[in-house]
Protein chains: 2
Amino acid sequence: MSLNNWEQKAQKGRDILQNSIPKQWLLPESRLPPTTQKNVIRFIRESGALSEHELMITDSSATELVREMGRGKLAAEEVVVAFLKRAVVGHQLLNFATEFLADEAIAQARELDRFYKETGRLIGPLHGVPISVKEHVGMKNKTCNTGFVSWIDNIATEDAHLLRLLKDAGAIFHVRTNQPQSLMHLCCSNNITGTTLNPHNRTLTPGGSSGGEGASIGFKCSPLGVGTDIGGSIRCPAAFCGGYGFRPTAMRNPMAGIQVACIGQETIHGVVGPMASTSVDDLELFQRAVLDQVPWEEETSLMPVPWSNVIPSWDITIGIMWDDGIVRPHPPITRALRMAKEKLVRAGINIVDWKPYDHERGWKIISALYFPDGGALTRKTLAESGEPARPLTEWALSYSRPTPLTHPEAWTLQHERDTYRDEYQAALKWHQVDFVLGPAYPAAAAVMGESQYWNYTAIWNMTDMPAVTFPSGLAVDPGLDALTEQDKKYIPRNEIDKREWEKYQSPARYENAPIALQLAGRHFKDEETLATAKLVDKIIKDGVRGLKL
Amino acid sequence: MSLNNWEQKAQKGRDILQNSIPKQWLLPESRLPPTTQKNVIRFIRESGALSEHELMITDSSATELVREMGRGKLAAEEVVVAFLKRAVVGHQLLNFATEFLADEAIAQARELDRFYKETGRLIGPLHGVPISVKEHVGMKNKTCNTGFVSWIDNIATEDAHLLRLLKDAGAIFHVRTNQPQSLMHLCCSNNITGTTLNPHNRTLTPGGSSGGEGASIGFKCSPLGVGTDIGGSIRCPAAFCGGYGFRPTAMRNPMAGIQVACIGQETIHGVVGPMASTSVDDLELFQRAVLDQVPWEEETSLMPVPWSNVIPSWDITIGIMWDDGIVRPHPPITRALRMAKEKLVRAGINIVDWKPYDHERGWKIISALYFPDGGALTRKTLAESGEPARPLTEWALSYSRPTPLTHPEAWTLQHERDTYRDEYQAALKWHQVDFVLGPAYPAAAAVMGESQYWNYTAIWNMTDMPAVTFPSGLAVDPGLDALTEQDKKYIPRNEIDKREWEKYQSPARYENAPIALQLAGRHFKDEETLATAKLVDKIIKDGVRGLKL
């Protein structure tokens, strides 16, 4: 295919997006901030695009919105319209959407309002909650390009299983969101709808691969979003954008109908999970709404494990991982971890140091298992349209040997993967550590195009441990986070460490990036991990006084 | 390597076996039945090798033995000695063992007796139960050849996880049992310790791959055995030998330390599970003893699903599968199914016909996934010693394309596998069928070397449904089961059907083979499947009158 041809196909994707934008809510160019303005978080309030009431709605959590709709204080229609309006402006600033679903969403909201009016009750636990959805999660009769130009004409014949469950619980899908080419970037850039920006600093990436979701929840274009994660793709954009993201243990959330090039690949299981704009509560709300519908009865690959109610416990030990032993985190991360430790100790939580269990070995295994075919299928999918590979696609493909693994080689690696996961579990038990608190990434966020080090998140895919990223409440302050004299003398341990450390030579590059933390729990302890994340989040933000969970 | 060399290595395996046999319990050649005597089931009683008390012990179930040991009526030592004696004679008749563990077993029994004497209680739910173990389930400091001559010097460094749990529950391992070369036969023949025979008819195979176990439980050399199953390898030998076998849903029973050439392969998950000489109760006893020890806390690949107590329910629907649509079962199987239907209907169980859900498609997928490497690793493992491939090894390898699948081809098949499993589950639900009752194999047992059709068992590996084989109480009677005039006119549907049907031209070939049935439950419904198998087994054997479960 000629270049011309792939560009024509890509244009189709842009047309779908452009035609879907509800024009009545677009701000004229003249009212938008200059493209050189990095931080646009406060713009929505300054712009006057939303009323005070709409700002109140969009600043709320899903949990709060459902509660207010249950009391009859809010209608689903006004909720979804408020989020749609915010999403339209957010998209003008950040280019995060691939398709708006305004008409369907409003029609559905009206149905819900009618139901509530007639019955006096909510239709389900997500009644009227607008949820943004990563593009490759199949939506019936809609294109599903998964970030590949060659897939522009791929139409999903069914809603993904997860979306059916969310919809049955009352959720409304109002916007579909951007993802990188191949899905394998911790960044968000493709040849169709382009590059998504970080609302806190538009020279930074929102992270990826659920980067459209990162921007969506970071700008509060939705209270909840659907992301997917095979190496950090939920947690990293949540972290970079100041939101909340949860990677459940694999095979708990339904995967059927999520469209990926390598469908059926299971050397490393991708997961789908929630991202939230304001609280861990919403991550729990999402998980419970999905798993209460016993999805394993239909999708038999899933584990038949109901979502259990777990109350946060004080009787836990959290191990703090200051550094993964491979790449030293940038100073702001360490500052946030110190703050967290101090507050947790003061709150009476048992805190120890966690010495990472040979994360280099973990990375060696998982990185070799991402593309056991040497990336052949990804390259083939690119070649089908002739679109060029993006630099970070090449980067991810470079993790693997360029030639396919033999099956016995892949089996050996799979066995090593299971062994490493068992050993990690045993090490946590041996040290009586229930949760590991650490960085989500070496930096608070990556500068556009620089998302190169995955292993602060990928290690928990490798060990299949549930993990939550959440904001520390701090942001990068080039004054406060300047390199000290000692920092300046730091001698990197290896080439990767050197590369990542040198990115911080000018702290101003990261100005205003929210600093996130990541809490990982033991394999299968999803409920406990969210419960503890809730506890830690509240302690860090509010201290112990008046702590209510 | 020269042929000479592999034969020397194989001799090592035979030496281990010969040296381990407790010679004091061997019967002199002169007292053994002639090798031409087919049925040796009654020989143990006729031989006088065991006392009446020992016969009573070895005819008991594990459940009964534990109960009697708990009452102080039996000691573990006399139990294990009785089974060892029976196993020694059984081995003389059937060649089912690869190694006896008499000294360790007796020493362990004495420990248990001391414990009981001191505390007045049993050490665990399997206190003093002798369990035979398929050779490739790793036993610390013992060879583990997995049926390959090249592995003769492979020494396991640890007990398999399952064995540790069984031992902690009080089990005693008294004999290790034979398996076929490559493990991939429904027969039991290798180049090390040779061929195992069926106790009901020594011209028949005991089945496989857990064929040593089949003979062991069939001759009551142990009340419980450990088998493994990736296409029928637990259920088929249990069926051929008149015993009970259970294939649990994958990833429930611990697999770590089970030695296979293709460790880490997961296109199709093998499982480990119990085989029992006399009852479904014992299969349950085994499962509960294992899963009550929460093995998923250590082996993180397993599903965190406790064993739940399920009481057999009358409120069920059983679909009878008379024929899988590919291969017509032999007349004795149909006779047993008719008898079962009649008794179940009379007992008030809701019985419908089950139309198999495109089992041909299921077989096409699973057979392509057994050797995604085109059998390269198996051939390599054979080549390492130079031993010749056995005919049924070639047979199994012929299921796969001789060249490896590409990874994307394997992924596509894996996705088809999951889709088929989901569709099977949906079909069962749609028809409101809870369990499928059908054949375990087209014949009651296979004539030696003729175990060619796997799909009456493999289909439940494909759909990952729990399945139990159990004796109908009937045996092949060449008079009763002669071909009718109508049978003689049967025109096979396809080449496979022709091959299998022609094997029955002389019913006398199968004389006295026990006729088993197979009950499969829905994916994950392991507890319900065993509970229902118990109900069905009792109804078929005893009718409804005085039914106690």
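Predicted model: local features only at pLDDT ≥ 70, side-chain atom pairs only at ≥ 80, totals over all residues.
1. An open sheet in chain B is built from 11 strands, ordered E1-E3-E2-E4-E6-E5-E10-E11-E9-E7-E8, and its pairing is mixed. At the edges of the sheet stand strand E1 (97-100) and strand E8 (350-353) of chain B; each has a single partner strand, so one side of each is left without a neighbour in the sheet. Direction ignored, neighbouring strands of this sheet are turned against each other by 30° on average.

2. One residue pair can be named here: Val133(B) has Val226(B) in E4(B) as its bridge partner.

3. Two helices of chain B may be described together with this sheet. Helix H7 (residues 161-168) of chain B lies across E2, strand E3 (172-177), E4 and strand E6 (271-276) of chain B, and runs at about 145° to E3(B). Helix H11 (residues 331-346) of chain B also packs on the sheet, where it touches strand E7 (317-320), E8, strand E9 (435-438), strand E10 (467-475) and strand E11 (514-521) of chain B. The direction of H11(B) makes about 60° with that of E11(B).

4. The next point concerns a helix pair in chain B. The axes of helix H12 (residues 359-370) of chain B and helix H15 (residues 407-430) of chain B come within 10 Å and cross at roughly 145°. This crossing of H12(B) and H15(B) is left-handed. On the side of H12(B), the residues in contact are His359(B), Arg361(B), Gly362(B), Ile365(B), Ala368(B) and Leu369(B). They meet residues of H15(B) including Ala410(B), Leu413(B), Arg417(B), Tyr420(B) and Tyr424(B). By class, the residues of the contact of H12(B) with H15(B) divide into 7 nonpolar, 4 polar and 4 charged.

5. Chain A likewise holds an open sheet of 11 strands, in the order E1-E3-E2-E6-E8-E7-E12-E13-E11-E9-E10 and with mixed pairing. Which strands stand at the edges of the sheet in chain A? They are strand E1 (97-100) and strand E10 (350-353) of chain A; each has a single partner strand, so one side of each is left without a neighbour in the sheet. From one strand to the next, the twist averages 30°.

6. Several pairings in chain A deserve mention. Strand E2 (residues 130-134) of chain A and strand E6 (residues 224-229) of chain A pair in the parallel sense over 3 bridges, and Ile131(A) has Leu224(A) in E6(A) as its bridge partner. Strand E7 (residues 244-247) of chain A pairs with E12(A) in the antiparallel sense over 3 bridges; here Gly245(A) is partnered by Thr469(A) in E12(A). E12(A) and E13(A) also pair in the antiparallel sense, over 6 bridges, with Pro471(A) standing opposite Ala516(A) in E13(A).

7. Helix H11 (residues 331-346) of chain A lies across strand E9 (317-320), E10, E11, strand E12 (467-475) and strand E13 (514-521) of chain A, and runs at about 60° to E13(A).

8. Chain A also contains a helix pair of note. Helix H12 (residues 359-370) of chain A and helix H15 (residues 407-430) of chain A pack at an angle of about 145°, their axes being 10 Å apart. The crossing of H12(A) and H15(A) is left-handed. Among the residues of H12(A) in this contact are His359(A), Ile365(A) and Leu369(A), and among those of H15(A) are Leu413(A), Glu416(A) and Tyr420(A). The contact of H12(A) with H15(A) comprises 7 nonpolar, 4 polar and 4 charged residues.

9. Is Glu450(A) buried or exposed? Glu450(A) counts as buried, because its relative accessibility is 18%, and buried means under 20%. Glu450(A) is placed in the loop between strand E11 (435-438) and helix H16 (455-462) of chain A. Leaving aside residues up to four places away in sequence, Glu450(A) touches Tyr441(A), Lys503(A), Arg509(A) and Tyr510(A).

10. The last point is the interface. In it, 36 residues of chain B are in contact with 36 residues of chain A. Between them, chain B and chain A bury about 3,100 Å², of which 56% is on carbon and sulfur atoms. Thr300(B), His407(B) and Trp411(B) supply 24% of the area that chain B buries against chain A, more than any other three residues.

Methods: Residues numbered from 1 in each chain as written. Chains lettered and ligands numbered in written order. Heavy atoms only, no water. Axes fitted to C-alpha atoms, helices over the stretch in contact; angles between N-to-C directions. Helix = DSSP H or I, 4+ residues; strand = E, 2+ residues; numbered from the N terminus. Left-handed = near helix turned anticlockwise from the far one by under 90°. Contact = heavy atoms within 4.5 Å. Nonpolar A, V, L, I, M, F, W, Y, C, P; charged D, E, K, R; others polar. Pairing = 2+ DSSP bridges. Buried < 20%, exposed > 50% of the residue type's maximum accessible area, 1.4 Å probe, protein only. Buried area = accessible area lost by both parts, 1.4 Å probe.
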